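Please read them with the structure open.

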Amino acid sequence: MSAPEIRDDRAAGRLEAVADGEVIGRVEYFVLDSPGRAIVPVHTIVEPAHEGKGVAGALARELYGIAGREDSAVVPLCPYVAKWAERHPEEAPPAGQDLSAAAKEWLAAHPGRF
């Protein structure tokens, strides 16, 4: 398998890894607009046949890349993305406490979204 294509389905709130026409992994997220702009990943899912091949890391890296290009922060509520950010501080600047609190409030106010 070659490196998967990463595509952003903003309307659905999914960053997808695609290989041979099949979605093999995804990060589900929402976009926070206040008190500042942030992309908030909530879940990372990799199909079992593709685990351990770097798919989740490629998704996390691209998520931070998108945020950088859009001048947005990332508030990683997803445990995988949070651990990835800890291991890659040069690529994953931390979000402020105000953004983190707002992201948690948004998620609590939308319990059926994820």
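Which residue of E2 does Asp9 stand opposite? Asp9 stands opposite Arg14.

1. Basis. The model is predicted: local features need pLDDT of at least 70, side-chain atom pairs count only at pLDDT 80 or more, and totals for chains, interfaces and linings use all residues. Residues are numbered from 1 along each chain as its sequence is written, and side-chain values use heavy atoms, with hydrogens and water left out. Helices (H or I, at least four residues) and strands (E, at least two) are DSSP runs, numbered from the N terminus.

2. Sheet. Five strands form an open sheet in the order E1-E2-E3-E4-E5, and the pairing is mixed. Its edges are strand E1 (5–9) and strand E5 (73–74), each pairing on one side only. Two strands count as paired if DSSP finds at least two bridges between them.

3. Antiparallel part. E1 and E2 run antiparallel and are joined by five bridges. E2 and E3 are also antiparallel, over six bridges. Their hairpin has two residues between the strands, and Asp20 there takes a positive phi near 50°. E3 and E4 run antiparallel too, with eight bridges. The hairpin of E3 and E4 has five residues between the strands. Across this pair, Phe30 stands opposite Val40 in E4.

4. Parallel part. E4 and E5 run parallel, joined by two bridges. Here Ala38 stands opposite Ala73 in E5.

5. Glu16. The bridge partner of Glu16 in E3 is Arg26. The Glu16 side chain also makes a polar contact with the side chain of Arg14, at 3.2 Å. A polar contact is a pair of N or O atoms within 3.5 Å; within protein, one must be able to donate a hydrogen and the other to accept it, and residues adjacent in sequence count only if both atoms are side-chain atoms. Leaving aside neighbours within four places in sequence, Glu16 is in contact (heavy atoms within 4.5 Å) with Glu5, Ile6, Arg7, Val23, Gly25, Arg26 and Leu59.

6. Ala11. This residue lies in the loop between E1 and E2. Ala11 counts as exposed because its relative accessibility is 82%. Ala11 and Gly57 are 46 residues apart in sequence and 22 Å apart in space, C-alpha to C-alpha.

7. A nonpolar core is a set of buried Ala, Val, Leu, Ile, Met, Phe, Trp, Tyr and Cys residues joined through side-chain atoms within 4.5 Å. The largest one has 22 residues, and those with the most contacts inside it are Leu15, Ile39, Val55, Leu59, Leu63, Tyr64 and Val81. At least two residues come from each of E2, strand E3 (22–32), E4, H1 and H2. H1 gives the largest share, eight residues. Not counting residues up to four places away in sequence, Leu63 touches Leu15, Ile39, Pro41, Val74 and Val81.

8. Second core. A separate core of nine residues includes Leu32, Ala38, Val75 and Ala102.

9. Helix H2. Val81, Trp84 and Ala85 are buried in helix H2 (residues 79–87). Seen down the axis of H2, the buried residues fall within an arc of 100°, so they line one face of the helix. The arc is that of the directions from the helix axis to the C-beta atoms. The face of H2 turned away from the buried side carries the exposed residues Pro79, Lys83 and Glu86. The cover over the buried residues of H2 includes strand E4 (38–46) and helix H1 (55–69).

10. Annotation. UniProt, in an unreviewed entry, lists residues 7–96 as "domain: N-acetyltransferase". UniProt positions are given in the numbering used here, feature names are shortened, and annotations may be inferred rather than shown by experiment. In the model, residues 7–96 are 27% helix and 34% strand, and the end C-alpha atoms of the span lie 27 Å apart.

Terms used: Buried means under 20% relative accessible area, exposed over 50%, partly exposed in between (1.4 Å probe, protein chains only).
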